[in-house]
Amino acid sequence: TDFRVNSDGGTAQQNSPRIAAYGAGKFAIAWVDGRNVTSDVYIQHFDSSAQPIGTEIKVNDDDSSYQFEPAIGIDVAGNAGLVWKDYRNSNYPFDPDIYLQRFSSAGNRLGGNIDLTNELPDSMKETPDISYSTWGEGVVVWADYRNQNWDIYGQRINASGGLVGTNFKVKAGFQYIPRGYPFSFSISNTLIDFGVLSPTNPVTRGVLRTTYHESSFTIISTST
């Protein structure tokens, strides 16, 4: 039967749920939560019987700003990476950043919040998403307005949660506000191959598939 994920029983609104599964039938759910007046991001881990593992956790360590648009990815070890749009460094609703927080498979926080987009803070970022490869590295993507038009940018993450290199541009020149998802990963020798789903017009969606060199992360080929 249906079950309530959030433990808050008041009148505050919870919305924008995202879910990711990992080993042995476990899964994690993240959502935006209004119980603290501003909006925060929460996460709750569950076992294979849909019983909570521990208690729900407020993900953002900032208490005075707005957070939206969570997304979850699970790495090969069962650790969760959660990303979201965060306004702590700006005046809502302008110039948010994209933040990352990692959790162990037991639901414990690994390190603190990490700002992925501090290279150019005074610009809009939207709709982040995250995915991990089979060898533990991950990529976060988001829509970015730093060039005065909507592009898709990304950031690599190593298996320990550290940042690899700087923000890189995945796709440029959209006519409409894009949303990018790294929806597939594969590895062959020294290549990383992943796709980004993005609407290139309001009617149809195009699939951008890009192959990168694993060590330099330079683009080898792109196809749609």
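Is Arg 88 buried, partly exposed or exposed? In this predicted model, Arg 88 counts as partly exposed, because its relative accessibility comes out at 21%, and the cut-off for buried is under 20%. One is Asp 61, with the salt bridge spanning 2.7 Å from N to O. This pairing ties together distant parts of the chain: Arg 88 sits in the loop between S6 and S7, Asp 61 in the loop between S4 and S5, and 27 residues separate them. Asp 61 is partly exposed too, since its relative accessible area is 46%. The other partner is Asp 86, whose closest approach to Arg 88, N to O, is 3.0 Å. Asp 86 is a buried residue, because its relative accessibility is 0%.

The salt-bridge count for the model comes to 11. Among them is the pair of Arg 146 and Asp 144, where the closest N and O atoms lie 3.0 Å apart. Here both ends are buried: Arg 146 because its relative accessible area is 13%, and Asp 144 because its value is 0%.

Glu 126 is another charged residue worth a look. It belongs to strand S9, which covers residues 125-132. Glu 126 counts as buried because its relative accessibility is 15%. Its side chain makes a polar contact with the side chain of Lys 85, at 2.8 Å. Leaving out residues up to four places away in sequence, Glu 126 touches Lys 85 along with Glu 69, Trp 142, Ala 143 and Trp 150.

Then there is the nonpolar side of things. In soluble globular proteins, nonpolar side chains tend to be buried together. The largest nonpolar core here has 14 residues, and the members touching the most others are Ile 43, Val 59, Ile 72, Ile 74, Leu 82 and Trp 84. At least two residues of this core come from each of strands S2 (27-36), S3 (38-46), S5 (67-74), S6 (80-86) and S7 (97-103). The top contributor is S6, which gives three residues. Another core lies apart from this one; it holds 11 residues, including Leu 100, Leu 116, Tyr 132 and Ile 157.

As for the strand layout, four strands make up an open sheet, ordered S1-S2-S3-S4, with antiparallel pairing. Strand S1 (14-21) and strand S4 (52-58) are at the edges, each pairing on one side only. From one strand to the next, the twist averages 20°. The S1 and S2 pairing, which is antiparallel, runs over six bridges. Within that pairing, Asn 15 has Val 32 of S2 as its bridge partner.

How values were computed: Residues are numbered from 1 along each chain as its sequence is written. This is a predicted model: local features need pLDDT of at least 70, side-chain atom pairs count only at pLDDT 80 or more; totals for chains, interfaces and linings use all residues. Side-chain values use heavy atoms; hydrogens and water are left out. A nonpolar core is a set of buried Ala, Val, Leu, Ile, Met, Phe, Trp, Tyr and Cys residues joined through side-chain atoms within 4.5 Å. Buried means under 20% relative accessible area, exposed over 50%, partly exposed in between (1.4 Å probe, protein chains only). A polar contact is a pair of N or O atoms within 3.5 Å; within protein, one must be able to donate a hydrogen and the other to accept it, and residues adjacent in sequence count only if both atoms are side-chain atoms. Contact means heavy atoms within 4.5 Å. Two strands pair if DSSP finds at least two bridges between them. Axes are lines fitted to C-alpha atoms, for helices over the stretch in contact, and angles run from 0 to 180 degrees between N-to-C directions. A salt bridge is a side-chain nitrogen of Lys or Arg within 4 Å of a carboxyl oxygen of Asp or Glu.
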